[in-house]
Amino acid sequence: MIRPLVILPDPVLRKLSKPVETVDEDVRKLSSDMLETMYDAPGIGLAAIQIGIPLRMLVVDLAREDEPKSPAVFINPEILTRGDEPNVHEEGCLSIPDYYAEVERPAAITVSYVDLDGRKHEIEADGMMATVLQHEIDHLDGVLFIDHLSKLKRDMVVRKFKKLAREKDKAPTRMVG
Ligand code: ZN
């Protein structure tokens, strides 16, 4: 099921997500909804809080359009180590549509997480995977990629999205279907 995305400046995005206690059928169903929502957007990563669920869970798929799907689910992900070398990537966010900016983060990290069978793993990530995992794990702590930009840039983006939200509220409600 595709779920509605939570969009800036919704305060839900600033919530601290809680650890998943048991990987059960509900968690597996949630992960499949998250993947479906991410593919529909389309995006390459999605945290549960972006569909309003404050649980420490995220999904990632870095496969390009012409490649077979390669979904990955990370439950209770935790960054164990961060490399010294920085990397700059242009980032975007499904909760901040149509806004992109370069963000500097460590180029390589190690991450522990639990999979859909409840098994614990540890991986090393670099390149795009390192960026996406850091971006998504930030979401679990209520942090957005715009928080890594200058205050000037961040304030500009927040103002723009507040204005958009106000305009949407004022618009007359239309009957659909
Ligand atoms: Zn995001």
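**Figure 1. The hairpin of strands E6 and E7 in the predicted model.** Five residues lie between E6 and E7, and Gly118 in the turn has a positive phi of about 80 degrees. Strand E6 (residues 108-114) pairs with strand E7 (residues 120-126) in the antiparallel sense over seven bridges. Thr110 has Glu124 in E7 as its bridge partner. Strands (E, at least two residues) and helices (H or I, at least four) are DSSP runs numbered from the N terminus; two strands pair if DSSP finds at least two bridges between them.

Residues are numbered from 1 along each chain as its sequence is written, and side-chain values use heavy atoms, with hydrogens and water left out. In this predicted model local features need pLDDT of at least 70 and side-chain atom pairs count only at pLDDT 80 or more, while totals for chains, interfaces and linings use all residues.

Figure 2. His135 and His139 are separated by about one helical turn because they are four residues apart in helix H2 (residues 127-140). His135 is buried, at 7% relative accessible area, and His139 is buried at 1% (buried: under 20% relative accessible area; exposed: over 50%; partly exposed in between; 1.4 Å probe, protein chains only).
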